[in-house]
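I opened this notebook to record what I looked up in one protein model. The entries go from the whole chain to single residues.

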Amino acid sequence: MVDIRNVVAGDAEALLALNNQAVPAVNGHDAESFSELLAMANRSWVVDDGGRIGGMLVVFTPGAEYESLNYRRLSRRYDDFAYVDRIVIAPTHRRLGLAGQLYDRLADHAAGLGHRRLLCEVNVEPPNPQSIAFHEASGWRAIEDHQHAPGKIVRFFERRLDVRLDRRW
């Protein structure tokens with residue numbers, strides 16, 4: 001049985017490996033910087049499949065001392081959001097609806113905090129067409145493309161919390 005639960009200290013090594021397998025869709029980390037990321041986050045969840053890590057979601061809300069250029073850009077524009085810093089599903093756990101379940105957990109959490117929207121970004125360059133297709137099919141709306149480094153373009157997405165995710169993925 002797959003369980004979505006809060007991240008605990010014992011997850012760090014497996015989550016770091018999962019994160020770094022997903023580069024360039026997410027930024028790579030070493031053990032120290034990844035530990036700092038998780039400590040700074042408002043909330044992080046893990047997909048636990050009988051002790052095997054099947055995915056994760058790391059979230060920031062307004063006011064974090066997080067230096068991400070994308071988080072900072074969105075923080076200047078919005079004050080009522082939950083920002084998806086990273087969502088990663090292990091290759092062995094894709095197409096099982098887990099990303100949708102993680103996003104539903106996030107939507108409930110964010111709404112409980114009084115936030116009206118979820119925000120994220122997906123790479124356009126380097127390309128991540130599967131993630132773009134997933135977000136578009138799941139009720140996320142593209143709000144802006146932004147180039148923040150040579151060869152690095154992201155598409156920002158918004159999901160209003162009054163729209164439920166489509167479970168086709």
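The entries below follow the order in which I consulted the model.

**Entry 1: overall architecture**

I note at the outset that the model is predicted. I listed the secondary structure and found five helices and seven strands. Read from the N terminus, the elements follow the order β-α-α-β-β-α-β-α-β-α-β-β. I then looked up the radius of gyration, which is 15 Å; the globule rule gives 15 Å for 169 residues, so the protein is as compact as a globular protein of that length. I also took the extent of the C-alpha trace along its principal axes, which is about 40 × 35 × 30 Å.

**Entry 2: burial, contacts and surface**

I asked what share of the 169 residues is buried. The share of buried residues is 48%. For contacts with a separation of 6 or more, I looked up the part that comes from residues 24 or more positions apart, and I recorded 62%. For the charges, I counted 21 positive and 23 negative ones, and their mean positions lie 6 Å apart.

**Entry 3: aromatic pairs**

I searched the whole structure for aromatic pairs, and the search returned seven. One of them is formed by F60 and Y71, with 5.9 Å from centre to centre and 55 degrees between the planes, and I logged this pair as tilted. The two partners are eleven residues apart, with F60 in strand β3 (residues 52-60) and Y71 in helix α3 (residues 69-77), and the pair thus links distant parts of the chain. I checked the accessibility of both rings' residues. F60 counts as buried because its relative accessibility is 0%. Y71 is also buried, because its relative accessible area is 1%.

Y71 has a further partner in F81; this pair is edge-to-face, at 6.1 Å centre to centre and 65 degrees between the planes. Here too distant parts of the chain are linked: Y71 belongs to helix α3 and F81 to strand β4 (residues 81-89), ten residues apart. For F81 I read a relative accessible area of 0%, so F81 is buried.

Which residues do the ring pairs link into a cluster? I found F60, Y66, Y71, F81 and Y83.

I next looked up A82, which is placed in strand β4. Is A82 buried or exposed? Its relative accessibility is 0%, so A82 counts as buried. I then listed what A82 touches, leaving out residues up to four places away in sequence: V59, F60, T61, L106, A110, H115, R117, L118 and L119. F60 in this list is also a member of the aromatic cluster. I also took the C-alpha separation of A82 and R43, which is 9.7 Å, for two residues 39 apart along the chain.

**Entry 4: cis peptide bonds**

I looked for cis peptide bonds and noted one that joins V23 and P24, with omega at about 15 degrees. P24 sits in the loop between α1 (12-21) and α2 (31-40). I noted another cis peptide bond between E125 and P126, where omega is about 0 degrees. P126 is located in the loop between β5 (117-125) and α5 (129-137).

**Entry 5: two loop residues**

The loop between β5 and α5 also holds N128. I read a relative accessible area of 16% for N128; the cut-off for buried is under 20%, so N128 is classed as buried. Beyond its neighbours within four places in sequence, N128 is in contact with A25, V122 and N123.

I then turned to R95, in the loop between β4 and α4 (98-112). R95 is not a glycine, yet its phi is positive, at about 65 degrees.

Technical notes:
Residues are numbered from 1 along each chain as its sequence is written. This is a predicted model: local features need pLDDT of at least 70, side-chain atom pairs count only at pLDDT 80 or more; totals for chains, interfaces and linings use all residues. Side-chain values use heavy atoms; hydrogens and water are left out. Rings of Phe, Tyr and Trp (its six-membered ring) pair if their centres lie within 6.5 Å; planes under 30 degrees apart count as stacked, over 60 as edge-to-face and the rest as tilted. Helices (H or I, at least four residues) and strands (E, at least two) are DSSP runs, numbered from the N terminus. Buried means under 20% relative accessible area, exposed over 50%, partly exposed in between (1.4 Å probe, protein chains only). The radius of gyration is taken over C-alpha atoms; the globule rule is 2.2 Å times the number of residues to the power 0.38. Contact means heavy atoms within 4.5 Å. Lys and Arg count as positive and Asp and Glu as negative; His and the chain ends are not counted. The place of a charge is taken as NZ of Lys, CZ of Arg, CG of Asp or CD of Glu.
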